[in-house]
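Hi,

Here's the structure I promised to pass on. Have a look at it first, and my notes follow below.

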Amino acid sequence: MSNTAIKVIVSAIKEVAPTIREFTLTPANGAFFPFSPGSNVVVEMSDGEKKIRNAYSLLSDPRDSSEYRIAVRLQPNSRGGSIFMHKNVHEGSELIITPPSNLFLPDWRAKKHIFLAGGVGITPFMSYIHEMLRQDADFELHYMYR
């Protein structure tokens, strides 16, 4: 665990769809920092001697530092992260995450934002909605799925 790692507790798990679970993470100590819309965290999982690190987009309101929410789609042919999250993580479980990072910032100077999302790719846009509404920004979200 690095000195920037954050210990979290899984405070709630909600089944959003048969293969998708939403995990609510609360800080084990103190409070989280606000994050920018589109940010993600890397969750570190220990499956025996195997370390798994997966990035997940933050769904929650960027200004709410009481919790972070992520969604994980169960991928049967995964490298192990989604299976670990679905099978081994329960309410009360402790996990390690990185601080939020963002490579997906909008250009706030735009007059209108058009978001295109597909499948589980909707997750980074969930945090955008909070900020777009707060700023009374003109935006459209188009969601495609099978």
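Before anything else, keep in mind that this is a predicted model. Strands β1 (residues 6-17) and β2 (residues 20-27) run antiparallel and are joined by eight bridges. If you want a spot to look at, find Val-8: its bridge partner in β2 is Pro-27.

That pair belongs to an open sheet of six strands, in the order β4-β3-β6-β1-β2-β5, with antiparallel pairing. As a reminder, strands of a sheet pair through backbone hydrogen bonds.

Then there's helix α1 (residues 81-88). It lies across β2, β3 (40-47), β4, β5 and β6 (94-97), and runs at about 75° to β3.

Now for the inside. The largest nonpolar core has 20 residues, and the ones touching the most other members are Leu-25, Val-43, Ile-70 and Met-85. Two or more residues each come from β1, β2, β3, β4, β5, α1 and β6. In soluble globular proteins, nonpolar side chains do tend to be buried together.

Stepping back to the whole chain, you'll find two helices and eight strands, which follow the pattern β-β-β-β-β-α-β-β-α-β along the sequence. The radius of gyration is 16 Å, close to the 15 Å that the globule rule gives for 146 residues, so the chain is as compact as a globular protein of that length. Along the principal axes, the C-alpha atoms fill a box of roughly 50 × 40 × 25 Å.

A few totals to finish. Of the 146 residues, 37% count as buried. Among contacts with a separation of 6 or more, 65% are between residues 24 or more positions apart. The chain exposes about 8700 Å², with carbon and sulfur atoms supplying 52% of that.

Cheers

Conventions
Residues numbered from 1 in each chain as written. Predicted model: local features only at pLDDT ≥ 70, side-chain atom pairs only at ≥ 80, totals over all residues. Heavy atoms only, no water. Pairing = 2+ DSSP bridges. Helix = DSSP H or I, 4+ residues; strand = E, 2+ residues; numbered from the N terminus. Contact = heavy atoms within 4.5 Å. Axes fitted to C-alpha atoms, helices over the stretch in contact; angles between N-to-C directions. Rg over C-alpha atoms; globule rule 2.2 N^0.38 Å. Buried < 20%, exposed > 50% of the residue type's maximum accessible area, 1.4 Å probe, protein only. Areas by Shrake-Rupley, 256 points an atom, 1.4 Å probe, with all protein chains shown as cover. Core = buried A, V, L, I, M, F, W, Y, C linked by side-chain atoms within 4.5 Å.
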